[in-house]
Amino acid sequence: MNEQNANQSLAQPEISVIVPVYKVERFLPACIDSLLAQTFTDFELILVDDGSPDNCPALCDAAAEKDNRVRVLHKPNGGVSTARNAGLDMARGKWIAFVDSDDSVQPDYLEKMHTAALAVGADIALCGGQCVDEEGRVIGPGEPRITDEVMGREEALRRLVTPEYQVPWNKLYRRELFEGLRYPEGKAFEDTAFLPQVLERAACVCGTAGYPYNYRIVSGSAMHRKTTLKTLDWVEAWYRLFEVLYQNGITDTLCAAYRPIFTALWGTWFQLTPEQRRSPRMQEAFDYERTARRQLRQAHAVTPGNIWAALVCAVSVQKYLDRCRRRAEKRK
């Protein structure tokens, strides 16, 4: 590649990888190294330092000095949603990927999804992931929840009740899907609330088998915090997901989407103080549940088959996805 073409590639890379960074100096080097070791090289790595008080800002700057594909933004702390949004505003790529800064990826992470998406004209490609401990050791083999398959919008939305379809980091997205959309700021469980809006814009979604993403289990992370009124964001997030399914007429999945609203509501209620239970936020959470219950009835979604699907999903995500695939084959 001559110098002119190299500069053009840097100006408009094929993929923008966005990594929000905050208090992860122990794991950040492994994350950055794994991304810079990708077999697919036409990408920019956007490191968004979200006001991290440790050595992360210096680690980001050092990475940018070593590799001209790395771009760094330092901003005041505002939370992971503000960091992802800032990365989206900076992104120049035709495709977008998100990676959490305490995780790492296999060398073929980008190549597998990019190749699969182009092969079938998909708007989103998904890959599988495996859990690793704080030392990077694989905790256990992942279930084959993501397989080599192609699906339309309706089938992809039907699977929104499973974790793999809600998280941002196992996907490659066409940039156009984010036009006019940004992560909700100041909210917990923002992925569950936001990804349905992105997914409903995708005409075609494809999966790629394997486990190129390493999801690190870290003690004291955001997923392990104590219950407070903020935990009620979980109820709102699941209602936002439920609402997308309801508006798109995916009625056979509404029972499975309603169950987490109900369990999150009462699971949180039992752990709050009497004063917190009387708060406006608690009343708002009850309103989400009542609205979802009313919409369940309006959609005539409470059927034995749909209740059974919800129970299957609660017990085994793998069996629920296998069920979705069998039913999708019958509908062809």
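In helix α9, Leu254, Cys255, Tyr258, Ile261, Phe262, Leu265, Trp266 and Trp269 meet Met282, Ala285, Phe286, Glu289, Ala292, Arg293 and Leu296 in helix α11. Contact means heavy atoms within 4.5 Å. Helices (H or I, at least four residues) and strands (E, at least two) are DSSP runs, numbered from the N terminus.

The model is predicted: local features need pLDDT of at least 70 and side-chain atom pairs count only at pLDDT 80 or more, while totals for chains, interfaces and linings use all residues. Residues are numbered from 1 along each chain as its sequence is written, and side-chain values use heavy atoms, with hydrogens and water left out.

## Exercise 1

Describe how α9 and α11 pack against each other.

**Solution.** Two packed helices are described by the angle between their axes and the distance between the axes.

- Step 1. The axes of α9 and α11 come within 10 Å and cross at roughly 155°. Axes are lines fitted to C-alpha atoms, for helices over the stretch in contact, and angles run from 0 to 180 degrees between N-to-C directions.
- Step 2. α9 is therefore roughly antiparallel to α11. The classes are roughly parallel (under 35 degrees), roughly antiparallel (over 145), roughly perpendicular (65 to 115) and oblique (the rest).
- Step 3. The crossing of α9 and α11 is left-handed. That term applies if the near helix is turned anticlockwise from the far one by less than a right angle; clockwise gives right-handed.
- Step 4. The contact of α9 with α11 has 13 nonpolar, no polar and two charged residues. Here Ala, Val, Leu, Ile, Met, Phe, Trp, Tyr, Cys and Pro count as nonpolar, Asp, Glu, Lys and Arg as charged, and the others, Gly among them, as polar.

## Exercise 2

Treat the pairs α8 with α9 and α8 with α11 in the manner of Exercise 1.

**Solution.** 

- Step 1. For α8 (residues 233-247) and α9 (residues 254-269), the axes come within 9 Å and cross at roughly 165°. α8 is therefore roughly antiparallel to α9.
- Step 2. The crossing of α8 with α9 is left-handed. On the α8 side the contact is made by Trp234, Val235, Trp238, Tyr239, Leu241, Phe242, Leu245 and Tyr246; on the α9 side by Leu254, Ala257, Tyr258, Pro260, Ile261, Ala264 and Leu265. By class these are 15 nonpolar, no polar and no charged residues.
- Step 3. The axes of α8 and α11 (residues 280-298) come within 10 Å, crossing at roughly 25°. These two helices are therefore roughly parallel.
- Step 4. α8 and α11 make a left-handed crossing. Among the residues in contact are Asp233, Tyr239 and Arg240 of α8, and Arg281, Tyr288 and Gln295 of α11. The contact of α8 with α11 divides into eight nonpolar, three polar and four charged residues.

## Exercise 3

**Solution.** A disulfide is a covalent bond between the sulfur atoms of two cysteines.

- Step 1. The structure holds zero disulfides, that is, pairs of cysteine sulfur atoms within 2.5 Å.
- Step 2. For cysteine 31, the nearest cysteine sulfur belongs to cysteine 60 and is 9.5 Å away. Cysteine 31 is buried, with a relative accessible area of 1%. Buried means under 20% relative accessible area, exposed over 50%, partly exposed in between (1.4 Å probe, protein chains only).
- Step 3. For cysteine 56, the closest cysteine sulfur, in cysteine 60, is 6.2 Å away, too far for a bond. Cysteine 56 is buried at 0%.
- Step 4. Cysteine 206 lies in strand β9 (residues 204-216) and is buried at 2%. Leaving aside neighbours within four places in sequence, its contacts include Ala116, Val120, Ala122 and Glu149. Cysteine 206 and alanine 122 are 84 residues apart in sequence but 6.2 Å apart in space, C-alpha to C-alpha.

## Exercise 4

How many residues of helix α4 (residues 80-90) are buried, and what covers them?

**Solution.** 

- Step 1. Nine of the eleven residues of α4 are buried. They are Ser81, Thr82, Ala83, Arg84, Asn85, Ala86, Gly87, Leu88 and Met90.
- Step 2. The cover includes β1 (15-21), β2 (43-50), β3 (70-75), β4 (95-98) and α7 (190-199).

## Exercise 5

Locate phenylalanine 189 and histidine 300, and state the accessibility of each.

**Solution.** 

- Step 1. Phenylalanine 189 has a positive phi of about 55° although it is not a glycine. Its place is the loop between β8 (171-174) and α7, and phenylalanine 189 is partly exposed at 27%.
- Step 2. Histidine 300, also not a glycine, has a positive phi of about 55°. Histidine 300 lies in the loop between α11 and α12 (304-315) and is exposed at 66%.
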